[in-house]
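Please keep the sequence and the structure in view while reading.

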Amino acid sequence: MSQSDPSKIFSRIAGTGGYLPERVMTNKDLEKIVETDDQWIRDRTGIEQRHISADSQTTSDLAYEAAILALEMANVKAEDLDLIVVATTTPDKIFPSTATILQQKLGNRGAPAFDVQAVCTGFVYGLSVADQFVKTGMAKKVLVVGAETLSRITNWTDRNTCVLFGDGAGAVVLESSTEAGILSTHIHADGQYEDLLHVPSGPSKVAQTDDIAERTMNMKGNEVFKVAVNTLSRIASETLEANNITKEDLDWLVPHQANLRIINATAKKLSLGADQTVVTVNRHANTSSASVPLALNEAVRDGRIQRGQLLLLEAFGGGFTWGSALIKF
Ligand code: ACO
């Protein structure tokens, strides 16, 4: 496994940040909107509450709050960033990209800035893209953000989906280093699963009807569940094998926060206990591309994740897309 190699350039996580909007919606609040109950949601998903953006808040506003905290921790000025990548499924506008809107808010000018769309795997895709830029010397200080206002594409009359999602943002600042950081990233997609999890309409496929279901998330939950569990266990094995390590070498699993049962199934296959698995889904539900960096940020800031430890990040989402990153923190 690569540790420190002066002839090699690594992307090192220099700072993390996270932001959740002020408004909290509990399961009890949802009981007033749809026919559901707190216990059902807890038992099936582990979710207790989610955060919902204020009407005036957009995805770039959430991204900004998370980015500022990550930049502060990294001691990097926004104007010194030489790449900005935003992973999102809920951009502020069709164009320009949320990344350039964020860039303007941060006061950076001239750095390339673009969005990555891989739904719940977006942050891992963004991290992988940023890592290629750093490893090839194209960038030295990179901001990668996962940010979502999923509440805007949620059908609040559909109990099958509305209990599962929330809004939030997470960010990391990567710096070029000869010390080990991101050891490998692995990203995949299989477009044949489009209809299992999707929003039917879009800018090039405008809904012919006023039907709210056309403009919001549609999901065949139990089919998604099965593929997610199998795929996440495969990507974990792929990552360990590529780095020639075993599951015993891992210190932390930082998984996509969609459902506690999916997280526990993956952790079990890796023989990782609750004390080595970061879980935040109970407090913010599934925030899609924001979920992995939100979990990472929490465990870094509360001191559970320590410098030098080995982290496995993984995610799975619409497309389907899936991916992982092995990181020496
Ligand atoms: N409250 C109460 N009952 C409900 C609710 C609700 N909110 N939603 C569904 N039900 C009912 C169903 O109608 C069904 O009733 P029926 O048996 O009378 O028809 C019953 O509960 C069981 O429904 P299932 O869909 O079989 O329940 P399941 O155990 O599969 O749990 C869930 C559903 C939580 C959606 C699960 O399948 C899941 O988490 N799937 C993964 C989805 C996911 O995380 N997607 C996000 C993107 S992909 C990713 O991030 C991994």
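## Ligand contacts

An N or O atom in the side chain of asparagine 286 lies 3.3 Å from an oxygen atom of the ligand. The model is a predicted one, and the distances and areas below are to be read with that in mind. Asparagine 259 also faces a ligand oxygen atom: a polar atom of the asparagine 259 side chain is 2.5 Å from it. With phenylalanine 316, the backbone takes part, through a polar atom 3.5 Å from an oxygen atom of the ligand. The ligand exposes 1,000 Å² when taken alone, and the protein buries 75% of that area.

## The shell around the ligand

The ligand is surrounded by 24 residues, of which Thr36, Arg44, Arg159, His256 and Asn259 are the closest. By class, the shell holds twelve nonpolar, eight polar and four charged residues.

Which helices each supply at least two residues of this shell? They are H2 (38–45), H6 (159–162), H7 (221–242) and H8 (260–269). H7 gives the largest share, with four residues.

## Two domains

The chain is divided into domain 1, residues 10–179, and domain 2, residues 183–328. Their centres, taken over C-alpha atoms, are 14 Å apart. Across the boundary, 55 residues of domain 1 are in contact with 47 residues of domain 2.

Where does the ligand lie relative to domain 1 and domain 2? Both domains give residues to the shell around the ligand, so the ligand lies between them.

## Histidine 51

Histidine 51 is in strand S3, which covers residues 49–52. Is histidine 51 buried or exposed? Its relative accessible area is 10%; because a residue under 20% counts as buried, histidine 51 is a buried residue.

A polar side-chain atom of histidine 51 lies 2.6 Å from the backbone oxygen of proline 21. Not counting residues up to four places away in sequence, histidine 51 touches Leu20, Pro21, Glu22, Arg23 and Val24, and also Gly166, Asp167, Arg283 and His284.

## Alanine 74 and asparagine 75

Alanine 74 is part of helix H3. Asparagine 75 is in the loop between helix H3 (59–74) and S4. Alanine 74 is buried, at 12% relative accessible area, whereas asparagine 75 counts as exposed, at 72% relative accessibility.

Leaving aside neighbours within four places in sequence, alanine 74 is in contact with Ala14, Gly15, Val173 and Glu175.

## Backbone exceptions

Most residues other than glycine have a negative phi, and most peptide bonds are trans. The chain departs from this pattern at the places described here. Asparagine 75, which is not a glycine, has a positive phi near 60 degrees. Serine 288 is not a glycine either, and has a positive phi of about 50 degrees. Serine 288 lies in the loop between helix H9 (281–284) and helix H10 (291–301). Serine 288 has a relative accessible area of 2% and is buried.

Proline 96 is in the loop between strand S4 (83–87) and helix H4 (98–106). Another cis peptide bond, also with omega of about 0 degrees, joins glycine 319 and phenylalanine 320. Phenylalanine 320 sits in the loop between strand S12 (310–317) and strand S13 (321–328).

## Glutamate 248

Glutamate 248 is in the loop between H7 and strand S11 (252–255). Its relative accessibility is 59%, and because a residue over 50% is classed as exposed, glutamate 248 counts as exposed.

How many Å separate the C-alpha atoms of glutamate 248 and serine 56? The separation is 46 Å, for two residues that are 192 residues apart along the chain.

Note on methods:
Residues are numbered from 1 along each chain as its sequence is written. This is a predicted model: local features need pLDDT of at least 70, side-chain atom pairs count only at pLDDT 80 or more; totals for chains, interfaces and linings use all residues. Side-chain values use heavy atoms; hydrogens and water are left out. A residue is near a molecule or strand if one of its heavy atoms lies within 4 Å of it. A polar contact is a pair of N or O atoms within 3.5 Å; within protein, one must be able to donate a hydrogen and the other to accept it, and residues adjacent in sequence count only if both atoms are side-chain atoms. Accessible areas come from the Shrake-Rupley method with a 1.4 Å probe; for residues, only the protein chains shown count as cover. Ala, Val, Leu, Ile, Met, Phe, Trp, Tyr, Cys and Pro count as nonpolar, Asp, Glu, Lys and Arg as charged, and the others, Gly among them, as polar. Domain bounds come from an automatic or database domain assignment. Buried means under 20% relative accessible area, exposed over 50%, partly exposed in between (1.4 Å probe, protein chains only). Contact means heavy atoms within 4.5 Å.
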